[in-house]
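Work through the exercises below with the sequence and the model side by side. Each task is followed by a solution in steps.

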Amino acid sequence: MADTYEPPVPDYRINGFEAVSERVEEDFFSVTLSDHMFVPVAEHHSDDGRDSYLLFYDRAAIWDTPGTAEYVSLHLTRDVERRTFDFAYERAPVVPLAQNWLIRRGCPPKMTTTSRNHGPRPADALTSRLEDLLQTNPDGRYEVVDHYTDNLGSFDFGTEVRTLVHDSHPDSAHAPYRLFLEETAKDFRSYTMREGAFASTEAADAWAMDRAAPLPLAPAPESVVVHRAQAARTRSPLAGAAGLVVPPAPVTAPRPTLPSAQRSRRGAR
């Protein structure tokens, strides 16, 4: 029998440190209670030992509330003189948003690059360009309104992540609500991202529930965003059948064929 993959233990670097308060200690315990299910995606530790930036894929998210975001960003701050630590964290539906959160908290952008050579790869240049838009969020143009992760953890079906944002860029004034639709192939080898344009959140939710028409794609931006992502880079520790890093979570029954309205009953959420 093949050995089961076990991810490395998260490197928090807090041995010899105490939480700055009892509340912080309780919150940190709560956030990391199931960290044996965390798969490291990217990490950076400052040279002075005061900051650690960690990005994980949470394998346990599939058993949480339906739609739960699967990526966890964690920023640890230390007072090296007093030997205390504090932290902040956020869940994100897709890697670029998790990276953006870490960058806004001071992590060098290049250090948020995923560190593993396993997992689904961007299927095309458009996917990489849209990911870079979310990661850099130029001029703070995107504000996340809602998101929903549809993952049954089976190689019989892929995954779908819907992230609804409000786009404040003037070019998007006619349809300021943008639905970033990420679809991973059922073999978990590649994924695509597309951007839909809607005039309202209600219109975006209606499309997500009905799927009566193709996603109304946003027009190409007037300015070209130079993406740093390489076509061969990976963005999560989920892998295909060969070289699998994170096997799909077990499911108790095959996924039924659901009507689109039922499958997306919460719209973009």
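**Exercise 1. Helix H3**

Determine how many residues of H3 are buried, and what they pack against.

Step 1. H3 is mostly covered, with nine of its 12 residues buried; buried means under 20% relative accessible area, exposed over 50%, and partly exposed in between (1.4 Å probe, protein chains only). Helices (H or I, at least four residues) and strands (E, at least two) are DSSP runs, numbered from the N terminus. The model is predicted: local features need pLDDT of at least 70, side-chain atom pairs count only at pLDDT 80 or more, and totals for chains, interfaces and linings use all residues. Residues are numbered from 1 along each chain as its sequence is written, and side-chain values use heavy atoms, with hydrogens and water left out.

Step 2. Among the buried residues of H3 are Leu-130, Leu-133 and Leu-134, but also Arg-129, Glu-131 and Asp-132.

Step 3. These buried residues pack against helix H2 (95–104), S6, S7, S9 and S10, where contact means heavy atoms within 4.5 Å.

Step 4. H3 spans 17 Å from its first C-alpha to its last, close to the 16 Å expected at 1.5 Å a residue; the expected span is 1.5 Å times one less than the number of residues. Just after H3, Asn-137 has a positive phi of about 45°.

**Exercise 2. Strand S3**

Step 1. In S3 (residues 51–58), eight of the eight residues are buried.

Step 2. In a regular strand the side chains alternate between the two faces of the sheet.

Step 3. S2 (residues 38–45) runs antiparallel to S3 and is joined to it by seven bridges, with Ala-42 opposite Leu-55. S4 (residues 71–79) is also antiparallel to S3, again with seven bridges, and Ser-52 has Leu-76 in S4 as its bridge partner.

Step 4. The hairpin of S2 and S3 has five residues between the strands, and Gly-49 there takes a positive phi near 75°.

**Exercise 3. Asp-86**

What is the relative accessible area of Asp-86, and which residues are in contact with it?

Step 1. Asp-86 is in strand S5 (residues 84–92). Its relative accessible area is 31%, which means that Asp-86 is partly exposed.

Step 2. Leaving aside neighbours within four places in sequence, Asp-86 is in contact with Val-20, Val-24, His-75, Leu-76 and Thr-77.

Step 3. Glu-25 is 61 residues from Asp-86 along the chain, with 8.5 Å between their C-alpha atoms.

How values were computed: Two strands pair if DSSP finds at least two bridges between them.
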